[in-house]
Amino acid sequence: MSGADASATQNAAEADLQTTKVASSIEQADNAITTGGGETGEPVATGHGGGAEGGGAVSAAEMGKTTDGGEAVGTEPTPGGTPAQDGGSKQDEDNGAKTAPATGNTPRADNGAAAEGGGKANDDGDGKPAGGNSEAEAQDGEKAQDEVNFNDSVSNVKSQPERNKDGKTSKDVKFSESKKDGTNTQSGPVSQTPRLKRAKKGIFVSYSPDAGFLERRFVVELVRQLKENNLAEDLWFDKDEKNTDSPCWFSLRMEAVEKCRAAILIFSDSYFSCPVSVYEGKVLLERHSSDPTSVTVFPVLFSAVESAEVPKQYLQLMSSAVDLTGSDHMKKSSAEKTSVVIGAIMEELEKFATMNAPPLPFTPPDTEFTGEYKKKKICQWNAADLQEWLFSLGIKEFYRQSLAESMVDGFLLMSLTDRDMVSQLGIDSRVVRKKIMQQILATLDKEHKQTDNWHLRARAQRPKPDIVYLIYDPADVRLAQNLKADLKKKSLQVIHHDSMKLGRSKEEFLQINGPHIATATHVVVLMTDALTSSPFIFHEVLFADWLGKKIVTAMFKNVWTNMRYSLKAVLGECPAVDFETKMYAESLDVLEHHIKPLRRVPGVVLEQTYLNKMADGLKPLEMLASTRNGASPVHQSEEDPKVFISYQWDMQSKVDEIRALLERSGFACWADIAMSQQRGHSSRSSRSSATFTGQVDSASDTLQGQIQRSMRHASVVLCCITPKYLQSDNCIKDLSLAETFNKPIVPLLLRFTPFESAPSQVRRILLRHSYVDLSNERLYKQNIGVVMEKVKKAMTVTR
């Protein structure tokens, strides 16, 4: 035999071998389609509309099927306008893989994928055409059945499906479901629709997380009716976002408040007493004052605000709110009140809808019990889950139906009280109510121990004394290390986030560092240029505030005007130390004293001077930043008194002497001494007189109004401490009012009095401030100048 004949014979043998192996691969693929799996027993799933379901055997060459039982690829037109004959590769819109032109009829097996006559994108999605007909490539095709951990040629994702607990794959589920329906998704060429970026929800629902059952039910009903009015895709409601059990819940709400274009505020006592809702209101008002077109607010007054103090910036909103507190609305149901609100705001609210989404279809409740509620937390239960849970407790159908008619789910169940079950749901059986409440607490206790509820355990954790958590951006790591070293020299233990373990998401970041924040008593925030755009500071500050930590800001750079609105709302009233314009050592002493106050300094004069210096170095961040910017946070008129004197009538002569001395120095003062003399009262305070007699006349009404006005416009509050003062109503009212208006307080000790004898509320306020001892004549002459100096400094700050 000649050399040419031998070569031809060898080539023919190799071609026959390749044809045999390809035929075997196609037969295996056909069997996988008809029997529901190949060697691994896995069915062929539909990928991007590809695959054959519910039909007979289809060859891999006809369907663009890979020989390893991977995803099927539908035929697609080639750049020339004609479809690739044997199922060429399909472009994936995410990874930019390009369609390869046909290169002949030689089969190719690349990473276990066969494509006859058509090009195929490689594993990396670079779109290189397939070519070559070597025997090594054919041998690679034989190993394709065993190779599963690679990126498939269509979507550039892992083609090995995730398996569930039963050993089934997501492909098994899809295949079986389509078999039940009798549908076949493979119907010729499949065109990919471009993925649309989901629009951000622009209407925020601001309510108090501490709201009771009635208020929560109103909010839920309001959201439901708004959705029925084609706003389902525009409303941001944390219950529907399913993040109420997340450690990032607080920061997610604040992020939504910062980005929304409209907001619905549900005002009530609970709204103004809950820090979360108060922060949200501050952010919205700050945004509106900065740019009125950035956000529109729709206030709704659900209930009269009686026990909580309404900030003055809300007064205009309260006057324009949809008022549901009138006599004509009091007896209406939640649905009827909701209809009133919808009618009042819907026309304007529709202007902020970004899409005309159809109303949500009505879905009848599931009548079959499936046990799904056992896999969910209470806050995630729907009405059907709650009904199944009540059934498992043995609650009679009559009472279950009462909750079903009110559409009570897990969100409403969390706020349900024994009184609500009687008055709102008609559950008159005390045994049933007690059983439901006990089971709620038992279920919550079990959830509290779950791994993903670490943040709830952290909130209940008792902090350790003298531990400080340092919040800073990783860009300021050198500054943070220096401050940490200096605080350690002062016997303070300082911890902070691990720069090597920042996590891959905000949830993971908080899960790593949140437990460390929980162990600290104080949290120090480094205020630098990096703070304005740092996600690390943002999430740690909000989480620390949610934990109830004592936050103090170390201001190294005044970036108040560029700060995020949420950080302004949270940190604005927290104390701050000026490291920018003051000496570093002096500011460090102030910070140390705030974290760990010295119990005693030798020497009376030295002690008082030191305490005064420490108190002067600590101011609310908003006040400190506004002063440094040359702006005054509060405008005062010249005729308003600058010094408010709070006292008890037993030391009126001494108080009158102090007032006269201050006025001779040019400081306008207010005390109810003058008003008592003008109205002919005795030496007893007019407030005390009204309290003792139990009568409230027009004069006392005028006095109370004058007290609030004078306190609001005062620059400083002097409280004259005596044993009777600490036990008086005047003391509690004046100090609480001063704290509400965020006024600097200077305690004057007129008679020796241990603070331990004061009520807890008074003691908590007074212990934050250093007192000036005027308890005897010698100390009075010695320290009255200190009082004058403190008043003068307070005037300088507020001027």
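What percentage of the 799 residues of the chain count as buried? And in what order do the strands lie in the open sheet that contains β3 and β4?

Modeller: This is a predicted model, and that should be kept in mind throughout. Of the chain's 799 residues, 48% count as buried. The chain contains 32 helices and 18 strands. Among contacts with a separation of 6 or more, 73% are between residues 24 or more positions apart.

Confidence comes next. The average pLDDT of the chain is 73, and 66% of the residues reach at least 70. Over residues 674–701 the pLDDT is below 50, and this stretch has 35 contacts in the model beyond near neighbours in sequence. Residues 630–638 also stay under 50, with 12 contacts beyond four places in sequence. Where pLDDT is low, the predicted coordinates should not be read in detail.

Now to the sheet you asked about. This is an open sheet of five strands, in the order β4-β3-β5-β6-β7, and the pairing is parallel. Its edge strands are β4 (235–236) and β7 (322–323), each of which pairs on one side only. Strands of a sheet pair through backbone hydrogen bonds, either parallel or antiparallel.

Strand β3, residues 203–206, pairs with β4 in the parallel sense over two bridges. Ile-203 has Leu-235 of β4 as its bridge partner, and Phe-204 stands opposite Trp-236 in β4. The side chains of β3 can be sorted by direction: Ile-203 and Val-205 point one way, while Phe-204 and Ser-206 point the other way. These four residues are all buried.

A helix covers part of this sheet. Helix α5, residues 213–231, lies across β3, β4, β5 (262–267) and β6 (296–301). Its direction is at about 155 degrees to β5. The phi of Asn-230 is near 70 degrees, a positive value in a residue other than glycine. Most residues other than glycine have a negative phi, and most peptide bonds are trans. Asn-230 counts as partly exposed because its relative accessibility is 32%, which falls between the limits of 20% for buried and 50% for exposed.

Val-322 lies in strand β7. With a relative accessibility of 15%, Val-322 counts as buried, because that is under the 20% limit. Val-322 touches Pro-299, Val-300 and Leu-301, and also Val-341, Ala-344 and Ile-345, leaving aside residues up to four places away in sequence. Val-322 and Phe-298 are 24 residues apart in sequence, and their C-alpha atoms are 8.2 Å apart in space.

Helix α11, residues 334–349, contains Ser-334. Ser-334 counts as buried, at 14% relative accessibility. Beyond residues up to four places away in sequence, Ser-334 touches Leu-214, Arg-217, Phe-218 and Glu-221.

Two helices elsewhere in the chain show how a crossing is described. The axes of α7 (residues 249–259) and α20 (residues 535–547) come within 9 Å and cross at roughly 120 degrees. That angle makes α7 oblique to α20. The contact includes Trp-249, Phe-250 and Met-254 of α7, and Phe-538, Leu-542 and Trp-546 of α20. The crossing of α7 past α20 is right-handed.

For comparison, here is another sheet in the chain. This open sheet of five strands has the order β15-β14-β16-β17-β18, with parallel pairing. The edge strands here are β15 (669–670) and β18 (772–773), and each pairs on one side only. Strand β14 (residues 643–646) runs parallel to strand β16 (residues 716–721), and four bridges join them. Within that pair, Val-643 stands opposite Val-716 of β16. Helix α30, residues 729–740, lies across β14, β16 and β17 (745–749), at about 150 degrees to β14.

Met-407 is placed in the loop between α13 (397–405) and α14 (410–413). Its phi is near 55 degrees, a positive value in a residue other than glycine. Met-407 counts as partly exposed, with a relative accessibility of 44%.

Methods:
Residues numbered from 1 in each chain as written. Predicted model: local features only at pLDDT ≥ 70, side-chain atom pairs only at ≥ 80, totals over all residues. Heavy atoms only, no water. Buried < 20%, exposed > 50% of the residue type's maximum accessible area, 1.4 Å probe, protein only. Contact = heavy atoms within 4.5 Å. pLDDT = per-residue confidence, 0-100. Pairing = 2+ DSSP bridges. Axes fitted to C-alpha atoms, helices over the stretch in contact; angles between N-to-C directions. Parallel < 35°, antiparallel > 145°, perpendicular 65-115°, else oblique. Left-handed = near helix turned anticlockwise from the far one by under 90°.
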